[in-house]
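Good morning, colleagues. Please keep the sequence and the structure in view as I speak.

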Amino acid sequence: MCSSDEIVMIEKEDRRVIVHTLSRSLESVENAKYWDRLLKYRSFNRPHRSYIINLKYLQSYTHESIVLKTPDGRIWEAYIARRKYQEFKDAHLLFLEAMS
């Protein structure tokens, strides 16, 4: 399929799981739990039950939402669960620390 670096976000819509990559979006035959277990890298986070995001593409976030931006300028938006905000913030700081 593609490398994990190319995955921007995984989105759960109803019973479908869509993997958004740098080049295209694909419907997965695997469920979100599969992707959550597979992408247990420091660069991935699950801020909401419907999203797994790649922190590499994080542009900004608030208490309610996350904005991701790819190098070609495409913008993606995901929600963040209120109870997961602090966990997400900590994961982002660890990711930034690891990148420096």
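The count of salt bridges comes to four, where a salt bridge is a side-chain nitrogen of Lys or Arg within 4 Å of a carboxyl oxygen of Asp or Glu. This is a predicted model, in which local features need pLDDT of at least 70 and side-chain atom pairs count only at pLDDT 80 or more, whereas totals for chains, interfaces and linings use all residues. Residues are numbered from 1 along each chain as its sequence is written, and side-chain values use heavy atoms, with hydrogens and water left out.

Let me begin with R16. Its partner in a salt bridge is E13, with 2.7 Å between the closest N and O atoms. R16 has a relative accessible area of 37% and is partly exposed; E13, at 30%, is also partly exposed. For these classes, buried means under 20% relative accessible area, exposed means over 50%, and partly exposed lies in between, with a 1.4 Å probe and protein chains only. The accessible areas themselves come from the Shrake-Rupley method with a 1.4 Å probe, and for residues only the protein chains shown count as cover. Salt bridges also link E13, R16 and E27 into a network.

What do R46 and D36 form? Their side chains meet in a salt bridge, at 3.6 Å from N to O. R46 lies in strand β4 (residues 44-48) and D36 in helix α1, so this pair ties together parts of the chain ten residues apart in sequence. Helices (H or I, at least four residues) and strands (E, at least two) are DSSP runs numbered from the N terminus. R46 is buried because its relative accessible area is 17%, while D36, at 21%, counts as partly exposed.

A further salt bridge joins R74 to D72, at 3.2 Å from N to O. Here R74 is partly exposed at 26%, and D72 is exposed at 54%.

I turn now to charge on the surface. Which residues gather in the patch of positive charge? They are K12, K33, R37, R49 and R83. Patches are made of residues with over 30% relative accessible area and no salt bridge, like charges being joined within 9 Å and nonpolar side chains (Val, Leu, Ile, Met, Phe, Trp, Tyr) within 5 Å. Lys and Arg count as positive and Asp and Glu as negative, with His and the chain ends not counted; the place of a charge is NZ of Lys, CZ of Arg, CG of Asp or CD of Glu. R83 lies in the loop between β8 (75-79) and α2 (85-99), and its 69% relative accessibility makes R83 exposed.

Finally, the aromatic side chains. There are four aromatic pairs in the structure, a pair being rings of Phe, Tyr and Trp (its six-membered ring) with centres within 6.5 Å; planes under 30 degrees apart count as stacked, over 60 as edge-to-face and the rest as tilted. One of the pairs, Y61 and F88, is edge-to-face, with 5.0 Å from centre to centre and 85° between the planes. This pair links distant parts of the chain, Y61 in strand β6 (residues 58-61) and F88 in helix α2, 27 residues apart. Is F88 buried or exposed? F88 is buried, at 0%, whereas Y61 is partly exposed, at 24%. Ring pairs link Y61, Y85 and F88 into a cluster.
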